[in-house]
Amino acid sequence: MLAGVRTRVVLIYVAALVPALLMATFQTVWSRVDEPQHADVLAQYSHGVWPVLGVTRLQPEIVAVDQATGIYRWYPAGSGPAPSETDPQTFVRPPDSASASAKQAWMGRHLWGFSYEAMQPPLYYLLAEPDWLVGTSLGGTMGAIYAARIFSALIAALLAPLTYLLALAIRPGAQGVAFFAAGIASLLPGYVLNATQITNDGLAAVLGAALTLVVVTGVRSGWTRSLAVGCGVLLGAAALTKLTAVGLGPLVAAAFLWPGLQPLRRRLLMGTLAAAVAAAVLSPWFLLNLNLYGEPLPSHAARGLLGTAFGPPSLKLSYIAGSARYAIDGFVAGEPVGVVPFTRQLHWLEAACVALAAIGLWISRRRLRIEYVLMLGVAGDFLVVMVMPFLSGIGGPMPGRYLYPAAAAAFVLVAAGIAALPQLLSRTVAVTGAAGAAAVLMLLASGVLSPVSQHQPVVPPNAATVVHATGTAKGLEVVADQVAITDGGRTVWVHVTVTDNAQSPADFPPIPEARTPAGKHLNVDYTHSTEFPERLAPGASQNGWLRFTRNDTSPLPQFRLYYRNVTTDGYATIETLSLVVAP
């Protein structure tokens with residue numbers, strides 16, 4: 001029987017490798033989920049540099065790929081402004097006396113040039129570095145990128161067999177549940193997309209799965225010293241891969257506190273041993289951080305860099321609910337949001353599967369035992385991730401990738417719940433889910449539905465109306481002299497001339513916000529507008545058309561353009577330039 005399990009484990013891994021390698025090979029370089037910065041850590045290591053958050057800038061070979069792809073920030077090439085300064089080594093930080101909003105504006109335009117993933121724990125990068133070096137020797141920087149991605153795919157595919165083994169540990173002999181859970185791990189679009197980039201998410205998921213398997217073994221069979229040490233090593237290694245893996249702490253705590261074959265004193269002793277081992281695994285990184293940042297974790301450095309661009313979160317129900325939904329949806333469909341084909345339909349399928357699994361678990365609640373440990377673990381991981389923005393002081397919604405360390409536990413629970421439903425329904429869900437996920441991955445890998453990858457400015461086809469509108473701020477002048485309204489009022493074109501009348505360069509947003517007198521936003525269409533720069537030299541001027549769209553055809557007597565965060569003094573101060581345009 002053991003030989004049969006081993007054979008199935010190998011076959012499951014090989015099957016999971018197929019979508020993983022396809023996605024690693026065919027998804028666009030760069031992924032906009034911070035892949036350049038993850039790759040830069042490997043590039044820094046290859047130059048013998050240990051990057052320091054807030055200090056180290058991107059290596060030239062990474063910037064060269066940015067320039068070749070047109071992807072510097074978090075949007076597709078051509079769909080947003082490219083930076084005027086493309087050499088991070090020339091960046092000059094705002095003066096210390098600059099306001100928080102001025103520093104935030106500077107970071108919004110320059111954060112891309114920092115190796116800001118330097119704050120990440122080092123385990124993934126240390127393991128991937130040999131592949132990066134081999135790839136570099138064979139094919140330069142692009143060879144290194146694909147070598148590191150293949151390494152990520154080889155690691156990410158391990159989640160499927162580990163999930164299979166975890167399901168068997170929970171439900172011995174339940175091959176249907178185990179195969180279904182492994183299938184989710186093999187085909188979940190968000191995981192396959194994000195874990196096969198140059199990223200530590202896949203390794204964190206795999207180590208989290210292995211940790212969960214050890215935890216279940218300890219709860220079921222009793223804790224031995226070797227199991228406790230293994231638990232500590234895996235918890236420490238997971239956190240040494242991605243710090244969000246500390247969300248598995250509640251799972252580990254529940255496992256040692258869960259009533260079982262051993263007295264509480266014995267379980268607490270083993271839990272203390274596991275915690276000590278985890279701390280020992282993490283201690284070299286803590287000591288390194290003490291030397292570099294003066295603290296065990298680079299918290300202040302992260303707040304000083306990332307926190308400047310993404311301010312502290314608001315303790316509001318709307319933020320918490322939005323962040324939770326973003327995390328759950330990202331867990332399934334990945335990031336960037338909407339890049340996976342049929343994202344909305346995936347969310348519907350996600351909601352249906354979770355609801356059906358919950359019903360199935362409720363129906364079979366009298367049979368549940370160790371499944372409750374997994375439930376506590378998944379819930380605890382989710383809550384820890386939701387609290388992290390408030391602990392770190394760095395805002396923004398939490399990515400679903402942060403939940404991947406608990407992915408195996410979640411997949412087993414979903415599979416167990418759906419398997420408890422009537423057979424026809426459970427099989428229909430399994431087949432539909434597998435077919436849908438496979439189709440989505442094939443479409444994504446084929447690039448058929450890739451976003452526009454180049455700037456395509458268009459001149460309005462109709463005669464324009466002459467207008468007179470002027471705005472100035474800090475020596476920057478914007479003059480609007482023509483307006484054209486097309487598509488029955490749904491498309492608005494504005495011809496503007498931007499001039500820097502100051503004695504120093506002017507930084508400004510290439511395309512402004514636009515609002516009606518009632519406060520309704522006009523939708524910015526950067527891709528089909530003239531490609532204005534982010535910076536003008538003193539005395540320089542540029543003119544072109546801005547394109548906006550709106551959803552109604554009502555008359556538009558006037559609207560206001562807002563150029564925010566305008567500066568001509570190196571971000572010592574910033575202002576908003578606005579002008580009223582009346583067609």
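At what angle do helix α5 and helix α9 pack, and how far apart are their axes? The views below come from a predicted model, in which local features need pLDDT of at least 70, side-chain atom pairs count only at pLDDT 80 or more, and totals for chains, interfaces and linings use all residues. Residues are numbered from 1 along each chain as its sequence is written, and side-chain values use heavy atoms, without hydrogens and water.

**View A. Packing of helix α5 (residues 123-156) with helix α9 (residues 201-221).** The angle is about 25° and the axes are 5 Å apart (axes are lines fitted to C-alpha atoms over the stretch in contact; angles run from 0 to 180 degrees between N-to-C directions). α5 is therefore roughly parallel to α9 (angles under 35 degrees). Leu123, Tyr124, Leu127, Ile155 and Ala156 of α5 meet Gly202, Leu203, Val206 and Leu207 of α9 (contact: heavy atoms within 4.5 Å).

**View B. The largest nonpolar core, of 133 residues.** Its members are buried Ala, Val, Leu, Ile, Met, Phe, Trp, Tyr and Cys residues joined through side-chain atoms within 4.5 Å, buried being under 20% relative accessible area with a 1.4 Å probe, protein chains only. Trp132, Leu159, Tyr191, Val215 and Cys231 touch the most other members. Beyond four places in sequence, the contacts of Cys231 include Leu211, Trp223 and Phe256.

**View C. An open sheet of five strands in the order β1-β2-β3-β8-β6.** The pairing is antiparallel (strands pair if DSSP finds at least two bridges between them; strands are DSSP E runs of at least two residues, helices H or I runs of at least four, numbered from the N terminus). β1 (465-473) and β6 (523-524) are at the edges with a single partner strand each, so one side of each lacks a neighbour in the sheet. Nine bridges join β3 (residues 491-500) to β8 (residues 541-549); Trp493 has Arg547 of β8 as its bridge partner.

Technical notes:
Buried < 20%, exposed > 50% of the residue type's maximum accessible area, 1.4 Å probe, protein only. Parallel < 35°, antiparallel > 145°, perpendicular 65-115°, else oblique.
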